[in-house]
Amino acid sequence: MAEIDVLAPLDGTVVELESVPDDVFAQKMVGDGLAIDPSGQVAVAPVSGILVKLFPGGHAFGIEASDGVELIVHLGLDTIELKGEGFEKLALEGQLVAAGTPIVRFDRSAIERLGKVMLSPVVTTGSGTIVYCASGTVQAGHDVLFVLRV
Amino acid sequence: MPEHMAERTVTLGSKSGLHARPAAIFVQNAKGFQCSITLTKNEKKVNAKSILSVLTLGAEQGEQVVLHASGEDAETAIEKLAALLEEDLE
């Protein structure tokens with residue numbers, strides 16, 4: 001058994017997934033995890049691995065790590081509808097990334113002006129169960145958001 | 001050819017393609033079947049029970065994907081999942 005630290009991909013305040021106003025995340029249909037109400041402007045890789053998915057609009061990405069661990073970071077809710085507006089991709093799909101590598105830059109005020117909620121779910125979709133969750137404020141690429149036991 | 005095998009080509013009905021919500025609903029349903037299920041778009045084939053894999057297809061509304069299942073409940077799975085993919089799950 002291994003314990004894998006999943007770092008906060010965003011600066012901000014930790015929010016329970018259940019209180020995210022989007023059923024697909026709140027009911028953990030995508031996976032278990034937490035959400036972050038971001039205060040910064042850059043989303044980084046929460047773990048080292050392969051950036052297997054970076055949506056063309058930059059609003060979400062997924063990383064495949066070792067031991068079957070997979071994570072999805074979704075920047076804001078229903079932000080696919082923005083078709084890239086408010087997001088700037090800083091990495092390439094398929095790239096190997098280290099935890100903390102910048103992946104997407106985002107403009108919270110622009111995204112909110114376009115009517116979207118910036119609350120950002122970070123969920124595990126692969127192996128492992130969450131054995132520790134952070135609370136309060138976290139710093140991107142620095143603080144542990146949750147720990148997975150694989 | 002094994003006895004229980006089924007395949008169908010379907011056109012995606014969801015407005016945002018196989019994105020978070022439609023993908024989550026699809027994968028949750030796929031996981032309810034015993035058989036192994038794959039989803040193929042162009043040459044890329046992925047495990048239909050893994051949401052991140054399904055998302056990597058980047059399949060858009062109106063695009064065609066091939067559902068393939070093998071195992072005891074393959075035919076039921078294909079019926080159910082093909083119908084889901086053709087719906088707008090948003």
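Student: Which residues in α1(B) are buried?

Tutor: This is a predicted model, where local features need pLDDT of at least 70, side-chain atom pairs count only at pLDDT 80 or more, and totals for chains, interfaces and linings use all residues. Residues are numbered from 1 along each chain as its sequence is written, while chains are lettered from A and ligands numbered from 1 in the order in which they are written. A residue is buried if 20 or more other C-beta atoms lie within 10 Å of its own, exposed if 12 or fewer, and partly exposed in between, with C-beta atoms placed from the backbone. In α1(B), the buried ones are A20(B), R21(B), P22(B), A23(B), A24(B), F26(B), V27(B) and A30(B). Helices (H or I, at least four residues) and strands (E, at least two) are DSSP runs, numbered from the N terminus.

Student: What do the buried residues of α1(B) pack against?

Tutor: Contact means that two C-beta atoms, placed from the backbone, lie within 7 Å. In chain A the partners are α1 (23-26) and β7; in chain B they are β2, α2 (51-56) and α3 (74-86).

Student: How many residues of chain B are in contact with chain A?

Tutor: Ten, and they meet 13 residues of chain A. On that side of chain B, α1 and α2 each supply at least two residues.

Student: Where is D67(A), and what is its phi near?

Tutor: Most residues other than glycine have a negative phi. Phi of D67(A) is near 60 degrees, a positive value. D67(A) sits in the loop between β6 (60-64) and β7 (70-74) of chain A.

Student: Why does D67(A) count as exposed?

Tutor: Because D67(A) has 12 C-beta neighbours inside 10 Å.
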